[in-house]
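Reader: I have a model to go through before I set anything up. Can we take it piece by piece?

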Amino acid sequence: MAHSNGGSGGPERAIVAGLITRDGSRTVAEEHLDELAKLVEAAGGTVSAALLAKRPAPDAAMYVGKGKAAEIAELAKRHRATLVVFDDDLSPAQIRNLEKVIECKVIDRSALILDIFARRARSRESRTQVELAQLKYLLPRLTRQWSHLSRQAGGIGTRGVGETQLEIDRRMIRTRISRLDDELEKIEKNRETQRKSRRKAFTVALVGYTNAGKSTLFNQLTRGSAEAVDKLFATLDAKLHKSHFDAPRETVMIDTVGFIRKLPHHLVASFRSTMEEAVSADLVLHVIDGSHPQSDEQREVGDQVLRDLGIPADRVIEVYNKSDRFAVGIGEQKRRHAVALSALTGEGCERLIEMIRDRELSEGEVVNLEIPSSESRLLASLHEVAQIEQQSIDEDRMRFVAWVPDYIRHQFEPFEVGNGDGPTVRKSAVAPADLPIASS
């Protein structure tokens, strides 16, 4: 959306429009329109006016109907807007008909989000994902893109081909989509290799609604410098960094792309490989802006995405962020697996770190070991992956009381001895499901 406003060089002026259907609620429609306005701003535009139409169902020809389309046209002229953005996906025919009446560019929410993603994509993976999503969005809309598309391909060497330019363009796009799918598959195989190399580490993925404060919390837990700004979709690529706090295992935090209502399905599919970081993580922190008026709806959007990805609820901790802005303590919600904190000030972060440590401890055992001194490689491995609580030397062998993670415990099982002299606790004393909610 890098367009100037009438040649002035300023941000493009836009009108945002939505529809309340028979089954819809005005409050929800207004919330969605507010979010659409923020998306316009994230794309570098300014919103001059907003309009909500009310109909039993969308109009097949003009989505909001002929009367409302004329009203939008008047609004656009009055505010000198060059763009109208609709909150739902429009058909090519609807866009064409609306542009004739309104006499300025018309796009839908999907096109707007794709524009933002194209601006923010930095890595090879996210650029590939954005291009793939753009082409999938463009393919059924080719009929309105260029005036030449309905003509027969012409010129020397092309007569008699029997294929219109539109068909050629569609075939080229399908070929490109196929190549991008192959490229993403290769990128995902590389990611899987990287994940295998991180198997020794305990991975914690931060997910949640865009602008909930994931990147701020990521920085708080890693002392990192991920971009943390007040704009939608600031993060497109998964970012990885080691945690700064002491933990039973090496702990890697992963910041992921944000969720949003009505995210186009082709974008969800394209960015699935980025979200695979959350799928493969040992623990998922679902970050929710606890101060947001629609925090419940945003949590439900996140929950739905996590369910779609197949992430079980017992692997998720809900993190109610921005507790410095809460009017009422989040503890009154009596939600389990939850903690309230302020990623900005750091208040409550220690409790979250305790919960992460407890979850790590629950995935290991405290065992008594007797390992011959000659097993130098095994001893080195123990010191690398285990938490050693007691250690002593007995002639040609070494004795340990150590917490050993489950994923590698099989290597030490031949050297386990009775636990009569050691701790009686075999698993973490704190069950993740019963963790209390931290007060803010």
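Author: A term to begin with: buried means under 20% relative accessible area, exposed means over 50%, and partly exposed is in between (1.4 Å probe, protein chains only). Helices (H or I, at least four residues) and strands (E, at least two) are DSSP runs, numbered from the N terminus. This is a predicted model, where local features need pLDDT of at least 70, side-chain atom pairs count only at pLDDT 80 or more, and totals for chains, interfaces and linings use all residues. Residues are numbered from 1 along each chain as its sequence is written, and side-chain values use heavy atoms, with hydrogens and water left out.

Reader: Which strand pairs with E11 over 9 bridges?

Author: That is E13 (residues 397–405), in the antiparallel sense. Two strands pair if DSSP finds at least two bridges between them. Strand E14 (residues 416–417) also runs antiparallel to E11, joined by 2 bridges. Leu 369 has Phe 400 as its bridge partner in E13 and Glu 416 in E14.

Reader: Switching topic. Which residues touch the most other members of the largest nonpolar core?

Author: Val 85 and Leu 112, out of 42 residues in that core. A nonpolar core is a set of buried Ala, Val, Leu, Ile, Met, Phe, Trp, Tyr and Cys residues joined through side-chain atoms within 4.5 Å. Another core, of 23 residues, lies apart from it, and includes Leu 51, Tyr 63, Ala 76 and Ile 102.

Reader: What about cavities, how many of 30 Å³ or more?

Author: The search of the whole structure finds 1. Its lining includes Tyr 209, His 286 and Arg 299, and strand E8 (283–289) gives the most, with 4 residues. On a 1 Å grid over the protein atoms alone, a cavity is a set of points where a 1.4 Å probe fits but cannot get out, and lining residues have an atom within 4 Å of a point. Grid points are joined across faces, edges and corners, and a volume is the space filled by probe spheres set on the points.

Reader: And where is confidence lowest and highest?

Author: Helix H8 (residues 265–270) is lowest, at a mean pLDDT of 64, and strand E3 (residues 83–86) is highest, at 96. pLDDT is the predictor's confidence in each residue, from 0 to 100. Over residues 144–161 the pLDDT is below 50. Where pLDDT is low, the predicted coordinates should not be read in detail.

Technical notes:
Contact = heavy atoms within 4.5 Å. 1 Å grid on protein atoms, 1.4 Å probe; cavity = no way out; pocket = protein on both sides within 12 Å on 5 of 7 lines; lining within 4 Å.
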